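Biologist: Could you walk me through how to read a model like this one, feature by feature?

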Amino acid sequence: MLVITRNHFSNNIEYPEPNVILIPGKALKSDKWWLIRKLFTLYYALFFGDISGLWGKNVAEYLLGSRIVKKGDSVISFFTPRGPIFAGYLIKNKIKCDWIVDFQDNHDIGQKYKFLSRYWMKRVLKNADKCVHVSPEWAEKDGEKLGKSFMVIRHALPKKEHIVSLFGEEEFTFFYYGGFNVDYQYHEFFFKYLNDNPETKFAYAGFEQVDQIFSSKLNSDQYIYLGWLSSYELFDQLSRAKFVVVFGFTLASRSVVPSKLYELIALKIPIIIIGNDSGGIKDLENETSFMFSWAKNEKQLQAIVDSPQMINQDYSAFDIYNQDSFINNYLNILEPNDN
């Protein structure tokens, strides 16, 4: 197996491990003129998927020119972004190989011009031998929009053990990490609860843009921004929290299980789902017969804080999503086609 990923730190092709190649992408300067920027955006969306398609072109040219990819090989493109799909598309057009596209998000994520995204995706996916989706909800919706049949393989639980904090004590009542969007994630009653309970500590790790949102809503004495953390630093900080929160999605188009949920389950950490859910987490509950702890208003959140034993931490129902099962599912997909 050979893994190709983008080199964000150098303009050179590098080989950090025996089976890993880092390939740089072309960085284009953003033009100051609005009309020129818009024209470039439309051009890349139409012919490359998005600007990451330039990197995909570099990858295809390198792999084909170096004869690293040969007839009969299997090529897997992981989306997002669209660059890996474009690379697989170009390789598939040049040699006879099995091309599999693995979607980790809905097909038009991050694309302002949705109609162009759909047109481009439908055009390139005609050559894909198989398509895989991480979400059964998105597999159904994207399948209808793109005219393509999707197989579903959920995330695998990472192999992690709960880390005992180096600090030896709980310092946060609530902890959250990763992305957040005020437009389609439940949050209003959660921040009202925090403001009504100033002694409650809330810590966040991740993007500066999200920090700006949280810091504008919360008292500086109770809100702690930890910055962008390494995996080890993140797990250490997680162990300092009494509860980890996951904000539910309000949009039907985001009816999916946040990937961080699988990671938290693997760490056996107390999880509270904030708000309602657009469908993905509830479907996971039905699939596993496991009930998460939901706080849909301040009263329910207070009840969980007062009685943390309410949280179900017997995550054995998720053992079916182990890495061995994930690998076996992928091996079945990689079986050569009859044609």
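Biologist: Where is the place of Ile273?

Modeller: First, the general idea: helices (H or I, at least four residues) and strands (E, at least two) are DSSP runs, numbered from the N terminus. In this case, Ile273 sits in strand E12. Keep in mind that this is a predicted model, where local features need pLDDT of at least 70 and side-chain atom pairs count only at pLDDT 80 or more, while totals for chains, interfaces and linings use all residues. Residues are numbered from 1 along each chain as its sequence is written, and side-chain values use heavy atoms, with hydrogens and water left out.

Biologist: Is Ile273 buried or exposed?

Modeller: The scale goes like this: buried means under 20% relative accessible area, exposed means over 50%, and partly exposed is in between (1.4 Å probe, protein chains only). Ile273 has 0% relative accessibility, so it counts as buried.

Biologist: Which residues does Ile273 touch?

Modeller: For touching, look for a contact, which means heavy atoms within 4.5 Å. Leaving out residues up to four places away in sequence, Ile273 touches Val246, Leu261, Ile281, Phe292, Ser293, Trp294 and Ala295. For a residue elsewhere in the fold, take Glu140: from C-alpha to C-alpha, Ile273 and Glu140 are 24 Å apart in space, and they are 133 residues apart in sequence.

Biologist: At what angle do H6 and H11 pack?

Modeller: To read that, you need axes: lines fitted to C-alpha atoms, for helices over the stretch in contact, with angles running from 0 to 180 degrees between N-to-C directions. Helix H6 (residues 188-196) and helix H11 (residues 298-306) pack at about 60°, and their axes are 9 Å apart. That makes H6 oblique to H11. As for the words, angles under 35 degrees count as roughly parallel, over 145 as roughly antiparallel, 65 to 115 as roughly perpendicular and the rest as oblique. H6 also passes H11 in a right-handed crossing: a crossing is left-handed if the near helix is turned anticlockwise from the far one by less than a right angle, and right-handed if clockwise.

Biologist: Which residues make the contact of H6 with H11?

Modeller: H6 brings Phe189, Phe190, Lys192, Tyr193 and Asp196, and H11 brings Glu298, Leu301, Gln302 and Val305. Sorted by class, that contact has five nonpolar, one polar and three charged residues. Here Ala, Val, Leu, Ile, Met, Phe, Trp, Tyr, Cys and Pro count as nonpolar, Asp, Glu, Lys and Arg as charged, and the others, Gly among them, as polar. Lys192 counts as partly exposed, because its relative accessibility is 45%.

Biologist: How far apart do the axes of H1 and H4 come?

Modeller: Helix H1 (residues 34-47) and helix H4 (residues 114-125) have axes that come within 8 Å and cross at roughly 30°. That makes H1 roughly parallel to H4. Leu42, Ala45, Leu46 and Phe47 of H1 meet Leu116, Tyr119, Trp120 and Arg123 of H4, a contact with seven nonpolar, no polar and one charged residues.

Biologist: Now the backbone. Which peptide bonds around Thr80 are cis?

Modeller: Omega is the number to check here. The bond from Phe79 to Thr80 is cis, with omega near 20°, and a cis bond also joins Thr80 and Pro81, with omega about -5°. Thr80 is in the loop between strand E4 (74-79) and helix H3 (83-94), and Pro81 is found in the loop between E4 and H3 too.

Biologist: And what is the phi of Arg67?

Modeller: Arg67 has a positive phi of about 55°, although it isn't a glycine. Arg67 lies in the loop between helix H2 (53-65) and E4, and counts as exposed because its relative accessibility is 67%.
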